Amino acid sequence: QVQLVESGGGLVQAGGSLRLSCAASGRSFASYGMGWIRQAPGKEQDVVAAISWGGGNTYYADSVKGRFTISRDNNKNAVYLQMNSLKPEDTAVYYCAARPRGRWDKAAYDYWGQGTQVTVSS
């Protein structure tokens, strides 16, 4: 099992940047890939970025390619989401989530953090 705690959300103007952090703990943390999933009110959950620990493979939703970067710090058991050129449509609750290695689909995420709110103003 793994426990996840997000931080770094807040209010930012369009065109600005935020860096989300996810601190992970658990004996089997290294066995999990990680992702960032966002959900806006009344909208479907969207996996915006994912990364495989140790492998360096990443995935980005088309809507955030070129603007968001997912990264990891294995020494700190942490994953980050650098968000640049933010748009109002990026407004959502962002969740850090863990998944088994080899699984990249949304249904594979077994562990979720509490979420952090990101609000982008016009």
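**Charge pairing and the interior**

The side chains of Asp-90 and Arg-67 meet in a salt bridge, at 2.8 Å from N to O. A salt bridge here is a side-chain nitrogen of Lys or Arg within 4 Å of a carboxyl oxygen of Asp or Glu. The pair links distant parts of the chain: Asp-90 sits in the loop between β8 and β9, Arg-67 in the loop between β6 (58-60) and β7, and 23 residues separate them. Strands and helices are DSSP runs numbered from the N terminus (E, at least two residues, for strands; H or I, at least four, for helices). Both Asp-90 and Arg-67 are buried. Buried means under 20% relative accessible area, exposed over 50%, and partly exposed in between, with a 1.4 Å probe and protein chains only. Salt bridges that share partners join Arg-38, Asp-46, Arg-67 and Asp-90 into one network.

The model is predicted: local features need pLDDT of at least 70, side-chain atom pairs count only at pLDDT 80 or more, and totals for chains, interfaces and linings use all residues. Residues are numbered from 1 along each chain as its sequence is written, and side-chain values use heavy atoms, leaving out hydrogens and water.

Now the rest of the network. Arg-38 and Asp-90 form a salt bridge at 2.9 Å, N to O. Arg-38 lies in strand β4 and Asp-90 in the loop between β8 and β9, so this pair ties together parts 52 residues apart in sequence. Arg-38 also pairs with Asp-46, with the closest N and O atoms 4.0 Å apart. Arg-38 counts as buried, at 10% relative accessibility. Asp-46 is partly exposed, with a relative accessible area of 26%. The count for the structure is 5 salt bridges.

What about a buried charge without a partner? Glu-6 is buried yet has no salt bridge. Arg-38 is the nearest side chain of opposite charge, 14 Å away. Glu-6 lies in strand β1 (residues 3-7). Its side chain reaches the backbone nitrogen of Gln-114 at 2.9 Å. The side chain of Glu-6 also reaches the backbone nitrogen of Gly-115, at 3.0 Å. Beyond four places in sequence, Glu-6 touches residues including Cys-22, Trp-36, Tyr-94 and Cys-96. Contact means heavy atoms within 4.5 Å.

Two of those residues form a disulfide. The sulfur atoms of Cys-22 and Cys-96 are 2.1 Å apart, against a cut-off of 2.5 Å. This pair also spans the chain: Cys-22 is in strand β3 and Cys-96 in strand β9, 74 residues apart. The link is left-handed, with -80° about the S-S bond. Cys-22 and Cys-96 are both buried. The structure holds 1 disulfide.

Finally, the nonpolar interior. A nonpolar core is a set of buried Ala, Val, Leu, Ile, Met, Phe, Trp, Tyr and Cys residues joined through side-chain atoms within 4.5 Å. The largest core has 31 residues; Met-34, Trp-36, Val-79, Leu-81, Met-83 and Tyr-94 touch the most other members. Strands that each supply at least two of its residues include β4 (32-39), β8 (78-83) and β9 (92-100). Apart from it lies another core, of 5 residues, among them Ile-37, Val-47, Ala-97 and Tyr-109. Val-79, in strand β8, is buried at 1% relative accessible area. Outside four places in sequence, contacts of Val-79 include Cys-22, Met-34, Trp-36 and Cys-96.

Key:
Lys and Arg count as positive and Asp and Glu as negative; His and the chain ends are not counted. A polar contact is a pair of N or O atoms within 3.5 Å; within protein, one must be able to donate a hydrogen and the other to accept it, and residues adjacent in sequence count only if both atoms are side-chain atoms.
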